Amino acid sequence: MPQRKNALDDIIDDRLLRQSRKTTKQLYADLASKHSKKVSDLEEFQHRQRYDFSHIPGRPKAKENLRAIALRKKQEEEAAAKQESAHLDWTTTDEFGNLELTVETQVLELSGVPDKSAARSDGPVYPRGKELESLNLDGELLFANSTTFKILEPKRRADYDPDEAKRFMKGRGKGTGPKDYELVEPEHDMVFVNPHTGKIHERFLNINCVGLSEDDTFKIGRGMELSDDVELLDLSGNFILDASGAYMIERINDGLSQGHNRLLHTLSLANNTLGGRCSHALQNTLALTKSLTALNLSNLFDPMSDEDGTELMRGMLDNKTIRHIDLSGNLLGKSFCWELKLAMVKHPRLETIRLECNDIPDDGAYFIGAALKSNPASQVRSIYLGWNKVDHVALGALIDACAEPHCKLQLLNLQNNRISRASSGQVVDSLARTTCLTNLCLSHNRLADMSEIGLGMYYNRSVKNLDVSHNRLADDAFAWFAAWGKDRKVLQLSNLARFDVRGNKLADLAAKQIIVGLGRRSANRVLTSMETADNLIDPLLEKAIQALLNPFRPFVINKREAKRFANSKRRQDLDYWKERDWEAIQKKRQAALDQAVRLLNTRTDDQVELDGIVGAPLVSKVPLVKDLAVAATQWNSGVKPLWKLQKELILEQKKKAARDIAMRKSLVKGFDRK
């Protein structure tokens, strides 16, 4: 958002504009008038003294004369020669005032550091540009950090100036003069490489979310090249770039080639900015390592493409140790899944595959199912394929692979995909035969009917957790659950303990079917949790379902309480429909009354007299029989007889006329009194 200008800014802009419009002679005249000495000849004054007008907008810089050019070149040559004589120049400070040191520095040069101690006589003075050759570095600086060196502080507080405590020390020896300055490496969290040996002696190196610089990444790589003790290297969340990350991984590869890093079993580079070069380097890592069991490259800020993932998986063909691989949060696709299939067919120890939040289509997930089915030595126990583009074909292939005797898959997570239905026949038979799958998650998909999955659950013995929440299951989708339990021998095989159906379109019909199914599970009470929230089920029926699932009470008491809730719901329904029926009867009565009024309004006087003499029913002559007939007719049809309505209407009209006459008479009497 542009900043608003005040009056002072307008005045300054106006003066600069007027200054830029002046000619060169006017500018020289203005500058000459400011000095005390006066020169009559302007050209002579210009020849003596030149001014730089580069600060004025629109004015070019003054041209250098030959003497200035020669002086500038000489200074540049001296600086270049000085730089060559020194190994590297230590000339900058960080935001805290500490000196910055590069990893190859052997000579300290204070050419760019402010020298506040120059005016003091009680301490040593190092003028700018002086090279200090007498520093005690305690070994080579090749394995030292770039920002962790500081001047050694004395033991006594009186020996240094508080204003310069972080930079310059005034340590004194016994008797004669000040001591030489000494550089040390302080002990803090970022020290992970021994400066003497160049090795990392930590067994578990966790450096998360601290923003490692490129220097630190290089140091870790060089330290890993020589180390033998590191078992876990976790650098997640440090924004490591592709170039520095590739350098570090290449150094690890060099160490593997030389026989180092024999204990490294976990490598985590999640939440960094890695790219294609790192994928290529990691391919060599997978091919060289003999101990690495876990690799985490999830949620990269520069997501791994399908081509990079394909190149990485080619290194898995020669790997025999990886057990857990996490590549979630990238852009992997079909080609990656094909290479993963080839690796899974030959890999003997892979146990966990996490591929959430990628771009894997239905065909890619089908390749993974085919690899599970074709590898008799497969050890895969968990597959996470959520937030992809998987459909019913891959679902059928994965469940079909679980039916194989050699398969050991225990967890299959397919949430947030595009599964609209289960493959006909294949899911029923495979789910009934599987003996390894214990957790099946199909939440946040597009399932409208799960009858095939339910029929497969009849004979399933292994599934303990089934999640179909937040789908599109309709009210009539649980007829299979009501029939589950008719055969007690089959029901005793089930080990289902948790069933999640939240966030669907289930209503009272599905709830009643669930209650019927749960009421038949007296011989098998393994199912203790059934989530039914966020549906259209009546609260009383939800209480009945939860009552049947209570594992801490006898089943008879649970069933009795569920029956009480169900009866309460039934009474509410009866009251509701009675009220609806009463409203219908009232509407019917009102329609019959309207019809009687219409008939009365359309009759002639002769028809009225004839109805009174001939058309009246015989029962009208006997009052008691007449009343009984009216009550019976009203009980059977819900409506009074037409002649009864007509008679009541006539009586009501007579009463109304009598009331009108009485009111008018009272009004007339009132006027007479006045």
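Helices (H or I, at least four residues) and strands (E, at least two) are DSSP runs, numbered from the N terminus. The structure described here is a predicted model, in which local features need pLDDT of at least 70, side-chain atom pairs count only at pLDDT 80 or more, and totals for chains, interfaces and linings use all residues. Residues are numbered from 1 along each chain as its sequence is written, and side-chain values use heavy atoms, with hydrogens and water left out.

Patches are made of residues with over 30% relative accessible area and no salt bridge, like charges being joined within 9 Å and nonpolar side chains (Val, Leu, Ile, Met, Phe, Trp, Tyr) within 5 Å; the areas come from the Shrake-Rupley method with a 1.4 Å probe. L8, I12 and L16 make a nonpolar patch of about 260 Å². Of these, I12 belongs to helix α1 (residues 7-20) and counts as partly exposed because its relative accessibility is 40% (buried means under 20%, exposed over 50%, partly exposed in between). A patch of positive charge gathers R488, K512, K559, K563, R570 and R571. Helix α18 (residues 555-602) gives the most to this patch, with four residues, and R571 is placed in that helix.

Attention now turns to the rings. The structure holds 13 aromatic pairs (Phe, Tyr and Trp rings, the last by its six-membered ring, with centres within 6.5 Å; planes under 30 degrees apart are stacked, over 60 edge-to-face and the rest tilted). W480 and F481 pair edge-to-face, at 5.5 Å centre to centre and 80 degrees between the planes. W480 also forms a tilted pair with F499, at 6.3 Å and 55 degrees. W480 lies in helix α14 (residues 479-483) and F499 in strand β15 (residues 498-500), so this pair ties together parts that are 19 residues apart in sequence. Both W480 and F499 are buried. Ring pairs link Y458, F478, W480, F481, W484 and F499 into a cluster.

Finally, there are 19 salt bridges, each a side-chain nitrogen of Lys or Arg within 4 Å of a carboxyl oxygen of Asp or Glu. In one of them, the closest N and O atoms of R72 and E76 are 3.5 Å apart; these residues are separated by about one helical turn because they sit four residues apart in helix α4 (residues 66-85). E225 and R251 form another, at 3.8 Å between the closest N and O atoms. This pair links distant parts of the chain, with E225 in helix α5 (residues 214-226) and R251 in helix α6 (residues 242-257), 26 residues apart.

Conventions. Lys and Arg count as positive and Asp and Glu as negative; His and the chain ends are not counted. The place of a charge is taken as NZ of Lys, CZ of Arg, CG of Asp or CD of Glu. Buried means under 20% relative accessible area, exposed over 50%, partly exposed in between (1.4 Å probe, protein chains only).
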